[in-house]
Amino acid sequence: MEPVDPERVDADVSVMNSVAILVSSCDSFFDVWRPFAFFFRKFWPDCSLPVYLITNHLKIRSSFVRTISVGEDRGWASNMKCALGQIDAPHVLYLQEDYFLTAPVDTRQLNADLAYALANDVDAFCFRARSDLEPGFEPLNSRFGIVPPDSDGRTRCQLTLWKRDSLLSVLHEGDTAWEMESCGSERTREMQVLSYISRENTPISYLMSAVVRGLWTREAIEMCAQEKVGIVPRFRGSYSQLPLLRRWRRAQTRRALSGALLRQKISSVELE
């Protein structure tokens, strides 16, 4: 692949016709959906791409998010394969429900970078750089470049543009997202994978994890409080650095989740 200035790539309607946003989730995280939708609309109000949320059985009410119901939870990779089978777009922009946007999306830059990836038949394009630039990384311009074939970070469950068929080819039934990250790089050695050079110049900024080990992070709680976004229902505990307290809160959360899911099944989850 020859170095190309992405600003010279025509970001036309082909991007809108070729890319869908796929939000990985399951019913156990339904309390995270409303804050996710709030920050998405706040910082990306002009999004013209279709947005799909993976669910198991729960229904939602939203003017811009559509659900893809995959039925009983069979693991992250199996759910993802089922969802991808229900999307016609040849490319998906992968997100997770606890990736809360934190700044206005640079739509012009995003469209240009998406168009570049489409025009050059890129298999995967990660929009979140690793903390350190690794040896062998080949910059294509001032913002992004080619991830070396021997990198252990070729496949990461961060915000990433994927060719739908390429993603399907590396998903193994039953894999968790963590197993995908640890094993997926080996599965993509022959693929064209791009990544941003740093985390400061990406068109989409987001809180990487609003939920860690099943518990709300302090950053997510503060974001919701500042914007007066209600976390409803509030059954999930908050993350603690203390192992014993963290285990107790996770156990409490699991018990409360069962009741919350039963109650929620009688009505749709309101996202707006």
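1. Ala129, Arg130, Asp132, Leu133, Glu134, Phe137, Val147, Gly153, Arg156, Ser195, Tyr196 and Ile197 line the largest cavity. On a 1 Å grid over the protein atoms alone, a cavity is a set of points where a 1.4 Å probe fits but cannot get out, and lining residues have an atom within 4 Å of a point. The volume is about 80 Å³, taken as the space filled by probe spheres set on the points, with grid points joined across faces, edges and corners. Six of the lining residues are nonpolar, two polar and four charged. Here Ala, Val, Leu, Ile, Met, Phe, Trp, Tyr, Cys and Pro are nonpolar, Asp, Glu, Lys and Arg charged, and the others, Gly among them, polar.

2. This is a predicted model, in which local features need pLDDT of at least 70 and side-chain atom pairs count only at pLDDT 80 or more, while totals for chains, interfaces and linings use all residues. Residues are numbered from 1 along each chain as its sequence is written, and side-chain values use heavy atoms, with hydrogens and water left out.

3. The whole structure holds four cavities of 30 Å³ or more.

4. Buried means under 20% relative accessible area, exposed over 50%, and partly exposed in between (1.4 Å probe, protein chains only). Helices (H or I, at least four residues) and strands (E, at least two) are DSSP runs, numbered from the N terminus.

5. Ser195 stands opposite Cys126 and is the bridge partner of Gly145.

6. The largest pocket has a volume of about 1000 Å³. A pocket is an open set of points with protein on both sides within 12 Å along at least five of seven lines. Of its 35 lining residues, Phe29, Gln96, Glu97, Trp178 and Val211 are the closest to the centre. Helix H3 (76–84), helix H6 (177–187), strand E13 (211–212) and helix H8 (243–264) each give two or more residues to the lining. H8 gives the most, with four. By class, the lining has 15 nonpolar, eleven polar and nine charged residues.

7. At 1.5 Å times one less than its number of residues, the 22 residues of H8 should span 32 Å, and the end C-alpha atoms are 30 Å apart, which agrees. Buried in H8 are Arg246, Ala251, Thr253, Leu257, Ala260, Leu261 and Gln264. Their cover includes helix H2 (30–43), strand E14 (215–216) and strand E15 (269–270), by contact (heavy atoms within 4.5 Å).

8. Most residues other than glycine have a negative phi, and most peptide bonds are trans. A cis bond joins Val232 and Pro233, with omega about -10°; Pro233 is in the loop between helix H7 (218–226) and H8. Lys228, in the loop between H7 and H8, has a positive phi near 55° and is exposed, with a relative accessible area of 74%. Arg213, in the loop between E13 and E14, has a positive phi of about 55°.

Terms used:
Two strands pair if DSSP finds at least two bridges between them.
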